[in-house]
Amino acid sequence: GGMKSPGKPLLIIGLPVFNGENFLTQAIESLLSQDFQQFDLIICDNASTDRTEANCRAFAERDARVRYSRNSENLGAAGNWNRVFELSSGHFFKWAAHDDMHEHRFLSSCLALLEAEPDAVLAYTRAVSIDADEHRLREWSSHPDICSSDLSVRYARWLAVPTDPLPLPIFGVMRADVLRRTRGFASYPDADVALLTEMSLHGPFAEVPEPLFLQREHGGRAGPRLAGDPYAAVNFWDARTVRPLGLPHWSLLAGQVSAIFRAPLAPSQRLACLRMLAGWIGRKRRLLSKDMMISLGHMPAVGPPVRRLMENMRLKAWRRQIDETLRELDATIPSDAE
C-alpha cells in the first residue's frame with residue numbers, strides 16, 4: 001500500500017542498549033541520516049550506568065523522531081529487546097544494535113523490497129563487518145535458502161548449524177503484525193535464531209543483494225563471548241534468572257515445538273516441520289542430556305550423587321572408547337602366532 005499519513009510513522013526502529021556509549025552516537029547518526037525519513041526511533045536503555053542516558057537525551061532534544069525510554073532496572077537482554085518492540089506501533093518494525101551502522105539506503109531498500117514482495121515477512125540486506133575504526137573487514141555471504149518460497153527449505157536452513165556468527169536478518173525490517181504473532185525474544189541462548197525460525201514459518205525473507213548493513217566487530221561484543229557458553233548466555237538474555245543455569249537446549253526445543261503449532265501452517269507442513277525437528281533432536285541429544293545433568297547437579301539434595309554418577313559415566317565412556325580402539329588395532333595387526 002501507499003505511504004501512511006504524516007501523523008503515524010510507517011516504521012518504528014527499536015534500539016535496545018546497555019552501557020553503549022562507545023559506539024552509540026555513530027549508530028544513531030547512521031539511522032537519522034537515512035534517505036527514508038518517515039520513522040520513529042525508540043531507544044530503550046536497560047538501566048545504563050555510563051554516559052548512554054545523556055547521549056540519548058541530547059538526540060531526543062535535537063530530533064523529534066527520537067524517543068528515549070529508560071528501564072528502572074536491568075531487564076536482561078531479552079526483556080529489553082521485547083520491551084522496545086512493545087513500546088512501538090507501526091506498520092513495520094526494525095531492531096538496531098548500539099554498535100552497528102547502516103548505509104543511507106538501508107531502510108528505503110528494505111521497504112521497497114517488502115512493497116514488491118507481499119509474501120515476505122522481513123527484508124534485510126547483505127552485510128560487511130567493520131572494526132572499531134570503521135575499516136571494512138569482510139563481506140558476509142548470501143543466504144538464498146531463507147528467502148525460498150518453500151517452507152521446508154527455509155526451516156531446514158534455520159535448524160542447520162549457522163555459517164555466520166550472527167543471524168543478520170534479526171536487524172532487518174519486519175512486518176510488525178507478523179512479529180506480534182511470535183513469542184518475541186525468549187530468555188535462552190540463540191533466542192535471535194529461535195525468533196527468526198518462527199518468523200520464517202510465517203513466510204519467506206527477502207534479501208537486498210547489496211551490503212548496506214555494517215556489523216561492527218569489537219572486543220566488547222556480546223555474541224562471540226556467549227556463543228561458547230550457552231549457560232552464561234541464559235543470564236545475559238535474562239538478568240533476573242534465579243535458576244543457576246536453566247535448560248537452554250530444552251527451552252529452545254520447547255520454543256520450536258510451540259512455534260510450529262502457533263504458525264499458520266497446513267497439517268502437512270506442520271508434520272514436515274516436526275519431522276525435521278526430530279532430526280535436530282537427534283543431532284542435539286548430547287546437549288539435551290548435558291542440560292539435564294547440569295540442572296540436576298545444581299539441585300541441593302541430588303547434586304553430589306548426580307555429579308559422582310556423571311564422573312563415573314564419563315570414566316566408563318572413556319574406558320569403553322579405549323577398549324574399542326585397542327580391539328580395532330588388534331584386528332588390523334596380523335597375529336604372528338602361526
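Author: Start with a definition. A residue is buried if its relative accessible area is under 20%, exposed if it is over 50%, and partly exposed in between (1.4 Å probe, protein chains only). This is a predicted model, in which local features need pLDDT of at least 70 and side-chain atom pairs count only at pLDDT 80 or more, while totals for chains, interfaces and linings use all residues. Residues are numbered from 1 along each chain as its sequence is written, and side-chain values use heavy atoms, leaving out hydrogens and water.

Reader: Why is arginine 216 called buried?

Author: Arginine 216 has a relative accessible area of 0%.

Reader: What makes arginine 216 and glutamate 134 a salt bridge?

Author: The rule asks for a side-chain nitrogen of Lys or Arg within 4 Å of a carboxyl oxygen of Asp or Glu. Here the N to O distance is 3.9 Å. That is within 4 Å, so the pair counts.

Reader: Why does the pair tie parts together?

Author: Arginine 216 lies in strand 9, and glutamate 134 lies in the loop between strand 6 and strand 7, so the pair ties together parts 82 residues apart in sequence. Strands (E, at least two residues) and helices (H or I, at least four) are DSSP runs, numbered from the N terminus.

Reader: Is glutamate 134 buried, exposed or partly exposed?

Author: Its value is 37%. That lies between 20% and 50%, so glutamate 134 is partly exposed.

Reader: How many salt bridges are there by this rule?

Author: The count comes to 13. One of them joins arginine 51 and glutamate 21, at 3.4 Å from N to O. Arginine 51 is in the loop between strand 2 and helix 2, and glutamate 21 is in the loop between strand 1 and helix 1, so the pair ties together parts 30 residues apart in sequence.

Reader: What accessibility label does arginine 51 get?

Author: Arginine 51 has 53%. That is over 50%, so arginine 51 is exposed. Glutamate 21 has 29%, which makes it partly exposed.

Reader: How do you know that glutamate 207 and arginine 126 form a salt bridge?

Author: Their closest N and O atoms are 3.1 Å apart, and the cut-off is 4 Å. Glutamate 207 is in strand 9 and arginine 126 in strand 6, 81 residues apart. Glutamate 207 is buried at 16%, while arginine 126 is partly exposed at 24%.

Reader: Which residues are linked in a network of salt bridges?

Author: Asp45, Glu53, Arg57 and Arg70 are.

Reader: Now rings. Why is the pair of phenylalanine 85 and tryptophan 95 called tilted?

Author: Rings of Phe, Tyr and Trp (its six-membered ring) pair if their centres lie within 6.5 Å; planes under 30 degrees apart are stacked, over 60 edge-to-face, and the rest tilted. The search of the whole structure finds ten aromatic pairs. In this one, the centres are 6.3 Å apart and the planes stand at 55 degrees, so the pair is tilted. Phenylalanine 85 lies in helix 3 and tryptophan 95 in strand 4, so the pair ties together parts ten residues apart in sequence. Phenylalanine 85 is buried at 11%, and tryptophan 95 is buried at 0%.

Reader: What makes the pair of phenylalanine 93 and tryptophan 95 edge-to-face?

Author: The angle between their planes is 90 degrees, and their centres are 5.1 Å apart. The angle is over 60 degrees, so edge-to-face is the label. Both residues belong to one aromatic cluster, which also includes Trp81, Phe106 and Phe213.

Reader: What joins strand 1 to strand 4?

Author: Four bridges do, and the two strands run parallel. Strands pair if DSSP finds at least two bridges between them, so these qualify. Strand 4 also pairs with strand 8, over three bridges in the antiparallel sense. Glycine 14 stands opposite tryptophan 95, and lysine 94 stands opposite valine 173.

Reader: Which residues touch the most other members of the largest nonpolar core?

Author: A nonpolar core is a set of buried Ala, Val, Leu, Ile, Met, Phe, Trp, Tyr and Cys residues joined through side-chain atoms within 4.5 Å. This core has 64 residues, and those touching the most other members include Leu15, Trp95 and Val173. Helix 4 gives the largest share, six residues.
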